[in-house]
Amino acid sequence: MSTSEPMMQRELKNRFNEVTPPLTNQEAFQESQRCLYCYDAPCIQACPTGIDIPTFIKKIASGNMKGSAKTIMTANPVGASCARVCPTEELCEGACVLNHSTKPILIGNLQRYATDWAIKNDQVLFKEGQPNGKSVAIVGGGPAGLSAARELALLGYSVTVYEAEKQAGGLDTYGIVSFRLPKAISLWEVEQIENLGVTIKTGVKVGIDLPFHELLSTNDRVILAIGMANVPDLQIPGENAEGVYDAIELVKMTKDAPFPSHLKDKKVVVIGAGNTAIDGATCSVRLGAENVKILYRRSEQEMTAYDFEYEFAKQDGVEFRWLTQPVEIVTNKSGQVTGMKCVKMKLSEAAEDGRRRTEPIPNSEFLIECDAIVKAIGQKRHLSFIEDLGIAHNDGVILINPDTMETSNPKIYACGDVIFGKGQGEAMVVSAAQQGKTAAYHMHESLKETYSA
């Protein structure tokens, strides 16, 4: 290894450090003093997990940092991660009554301040419940699965989580860029749950390494929190060329050293306009890309990325090409990407989901020169796995009773991204956490009359 390579790796590591600095002690105290501690706090109502926000802020103001962190984590088992990735301007901060007079309380920053204190001070916030003799298997160790595991452990269940990756945490560990959510934060939340006696078996693919029927026969209940799979194919010529990447895999490659160097000095095109596309674009910038463009077949108004993600990408120098549809990836004789053929689109009537349809403008084809392409057009479903289980679904979206989180098999519950879509659920980390809690509570209700003495 040349001496320049370690230097380059150190530089890349610095580029992936958190971009938002934490509040200082003085800033946190002053911000906590601004809270009105509303009796009917609308910020609580706006939080999917129902964190008692005035209480945790008041505890910061009084110096009770452990109490503050415990208030947060009691409601949200992945509250340290959510402090960094929640769209707070749309949720708790958006509901803050101070929006009418000055500016909202920096709730997300204060939540990060309290949970960072717990992390730095090696706090163990919870104790496992009295064993009740019942066992539950959870397939998937992301935010939904971990939240369900935490609640069930507090209720005294023997819980085993099966995770296909090398480490638990799911999206928080592998799928969100490090400069927004460091991996260590997610792994601390995993550790908190393991401290409750939860067994987490990583590197296990249920259905391949472990038959699903075995889980059903050896556990009283099973929770599916399997999330979604990789980005689907673009369905255009040339997408198997060298230089075409999956945005999720790209982000995953930046969560651990050594950092990849294949995008250095490249002209990168990212296809899609959701949060994953933004992550793929901003990762590309930090990996040394010369230029990064996001292509989206709809307009700016239809993009699904959070506003703060969009602004962040623009600050990073990412270019946006609206109403642009890729039609072919152009390569040289050796199969390396050299460009993207596109057509201009125009908006037409609204579809069933309220978003306007698009149609190509005749004779509008043009070429964008590029060396690399990042696909970020959503995610595939674990369709074959779901079909093997024989439970009801809609194109891979597991159908549940929304009141109980039960699937068509009463022994199987589901939560998280696997139930998102087709008008069902919401794709946020905080929503997944709440769904995991809800599944745990209803499962508990279905089992508590059968506890061993």
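Trainee: Which domains does the domain assignment of the protein give?

Mentor: Please bear in mind that this is a predicted model. The domain assignment places residues 16-121 in domain 1 and residues 244-375 in domain 3. Two segments, 135-229 and 380-450, make up the remaining one, domain 2.

Trainee: What area is buried between domain 1 and domain 2?

Mentor: The centres of these two domains, taken over C-alpha atoms, are separated by 26 Å. At their interface, 24 residues of domain 1 are in contact with 22 residues of domain 2. Carbon and sulfur atoms give 72% of the buried area, which is about 2,000 Å².

Trainee: Is helix 4 roughly parallel or roughly antiparallel to helix 5?

Mentor: Helix 4 covers residues 53-61, and its axis lies 8 Å from that of helix 5, at an angle of about 165°. Because angles over 145 degrees count as roughly antiparallel, helix 4 is, relative to helix 5, roughly antiparallel.

Trainee: How do the residues of the contact of helix 4 with helix 5 divide into nonpolar, polar and charged?

Mentor: Helix 4 contributes Thr-55, Phe-56, Lys-59 and Ile-60, while helix 5 contributes Met-65, Gly-67, Ser-68, Thr-71 and Ile-72. The division is four nonpolar, four polar and one charged.

Trainee: What is the orientation of helix 5 to helix 8?

Mentor: Helix 5 spans residues 65-75 and helix 8 spans residues 107-120; their axes come within 8 Å and cross at roughly 110°. Because angles of 65 to 115 degrees fall into one class, the orientation of helix 5 to helix 8 is roughly perpendicular.

Trainee: Which residues make the contact of helix 5 with helix 8, and what is the handedness of the crossing?

Mentor: From helix 5 come Met-65, Lys-66, Ser-68, Ala-69, Ile-72 and Met-73, and from helix 8 come Gln-111, Tyr-113, Ala-114, Thr-115, Trp-117 and Ala-118. By class, these are eight nonpolar, three polar and one charged. The crossing of the two helices is left-handed.

Trainee: Which residues of helix 8 meet helix 4?

Mentor: The axes of helix 4 and helix 8 come within 10 Å and cross at roughly 55°, and the two helices are therefore oblique to each other. Their contact has eight nonpolar residues, one polar residue and no charged residues. Helix 4 brings Ile-53, Phe-56, Ile-57 and Ile-60, and these meet, in helix 8, Ile-107, Leu-110, Gln-111, Tyr-113 and Ala-114.

Terms used: Residues are numbered from 1 along each chain as its sequence is written. This is a predicted model: local features need pLDDT of at least 70, side-chain atom pairs count only at pLDDT 80 or more; totals for chains, interfaces and linings use all residues. Side-chain values use heavy atoms; hydrogens and water are left out. Axes are lines fitted to C-alpha atoms, for helices over the stretch in contact, and angles run from 0 to 180 degrees between N-to-C directions. Helices (H or I, at least four residues) and strands (E, at least two) are DSSP runs, numbered from the N terminus. Angles under 35 degrees count as roughly parallel, over 145 as roughly antiparallel, 65 to 115 as roughly perpendicular and the rest as oblique. A crossing is left-handed if the near helix is turned anticlockwise from the far one by less than a right angle, and right-handed if clockwise. Contact means heavy atoms within 4.5 Å. Ala, Val, Leu, Ile, Met, Phe, Trp, Tyr, Cys and Pro count as nonpolar, Asp, Glu, Lys and Arg as charged, and the others, Gly among them, as polar. Domain bounds come from an automatic or database domain assignment. Buried area is the accessible area (1.4 Å probe) that two parts lose on being put together, summed over both.
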